[in-house]
Amino acid sequence: MTNKITILTFIDAFGWEIYQRYGFLDGIIEDAHPLQTTFGFSSGADPSILTGRFPDEHTHWSCFNYNPEESPFKPFKYLAHLPSAIFDRGRVRHWLSKAMAKVYGYTGYFEMYSVPFAHLPYFDYLEKRDYFVPGGIMATDTIFDWCVNQDVPYYCSNWRHSEQEILASNRQEIEKGETRFNYVYLPRLDGIMHQHGTKHPAVEKQINWLDQQIRSLYELAQNRYDEVSLYIISDHGMKDVTGDINLIPDIQATGLEYGKDYVAMYDSTMARFWFMQPDAEAIIRRVLEQQTHGAIVEDDELKKMHVYFEDHRFGELFFLMEPGMLITPCYMGLKSIPGMHGYHPEDKDSYAMIAANKPITANVKSITDIRGIIEHELRI
Ligand SMILES: [Zn+2]
């Protein structure tokens, strides 16, 4: 058997359109394809990559699901009257999230974002476990579980570390020459494009830096191994934000009471509703149908996109913004930002990508196809 390594480089939000605009690893990449992302956010897309399955099968979709009985946020109802000037600050909430994750022993990415304290007790938080370690996905296995079962020695970066640390630790592992599979996790581009949009010079600078770093990692692997398969993948793209709507007051103006008649989760690009009072759905539907920059996503389309759940834990009614528009303020953030993802998967800027230093012979259409390609690499 030849001495071979497969390097799977994950660049968050490095969508097909971004790749086309800026280019990447010229002279190394031989084949590249757009991949359709899953409907929703990274909390659904990243598990879809690792499991090779859609959210309706692996059961990870949005961070927050309706479950007042098992909400870890129950004590927050007592904090609801604290001064919002202090407790709505991002830094204070981030610190509180960290403290809470520690108390509960959560190992996944835990963040309460800007969800009002009074509304948190209606929700459970999905990502309690770190899904980058074996056994991390609730309903199915991941590529890492597969490696353990197949005795494939692998190295997965620690997502809590900086990109510099992640690249350095991958270099160390490659130098040792023992692993057959490295998962290189590079999340910063996503944050830069959220903050500046897709056309800012900081975006090009980061992509050039990633190009140099991965080029150098690839050369190192080529010196150490007989054969190197290099893959670059992403989870979704990024859209430049063109406008906002202030949806929450329109829902409040119906006179329906949050927690008594309905519960809502306002993500940046979508709103999800659950109903306690039979008339509430029709009333909220009417408000949503009057919105000019978004539309209700009906159940048949949710089923088509593999995000439909019988028990409606993620919502009974879904409202999705048109690409480029945001709900501001929302429970993910109080202010508008220049770049966002989480729009319809068929919008051109939603597409993720896969690129490799060799022809990709498999028929690849969706981010759920990545796992099969990697398993195939690790079998030969
Ligand atoms: Zn993002």
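Modeller: Happy to go through it; residues are numbered from 1 along each chain as its sequence is written. Since this is a predicted model, local features need pLDDT of at least 70 and side-chain atom pairs count only at pLDDT 80 or more, while totals for chains, interfaces and linings use all residues; side-chain values use heavy atoms, without hydrogens or water.

Colleague: Why is His60 called buried?

Modeller: Buried means under 20% relative accessible area, exposed over 50%, and partly exposed in between (1.4 Å probe, protein chains only). His60 has a relative accessible area of 2%, so it counts as buried. His60 lies in the loop between H3 and strand E3 (64–66); helices (H or I, at least four residues) and strands (E, at least two) are DSSP runs, numbered from the N terminus.

Colleague: Which residues is His60 in contact with, leaving aside its neighbours within four places in sequence?

Modeller: Contact means heavy atoms within 4.5 Å. Among the residues that His60 contacts are Ser43, Gly44, Pro47, Leu126 and Tyr131.

Colleague: What makes helix H2 largely enclosed by the rest of the structure?

Modeller: Ten of the ten residues of H2 (residues 42–51) are buried, so the helix is largely enclosed. The buried residues of H2 pack against E1, helix H3 (55–58), helix H6 (143–149), E6, E7 and H13. Gly52 follows H2 and has a positive phi, near 75°.

Colleague: How do you know that strand E1 and strand E6 pair?

Modeller: Two strands pair if DSSP finds at least two bridges between them. E1 (residues 4–11) and E6 (residues 181–186) have six bridges, in the parallel sense.

Colleague: Why are E2 and E5 said to stand at the edges?

Modeller: The six strands form an open sheet with mixed pairing, in the order E2-E16-E7-E1-E6-E5. Strand E2 (31–35) and strand E5 (154–156) each have a single partner strand, so one side of each is left without a neighbour in the sheet. Helix H13 (residues 370–379) packs on this sheet, and its direction makes about 160° with that of E1; axes are lines fitted to C-alpha atoms, for helices over the stretch in contact, and angles run from 0 to 180 degrees between N-to-C directions.

Colleague: How many bridges join strand E11 and strand E13?

Modeller: E11 (residues 270–275) and E13 (residues 317–321) pair over four bridges in the antiparallel sense. Phe273 has Leu317 of E13 as its bridge partner.
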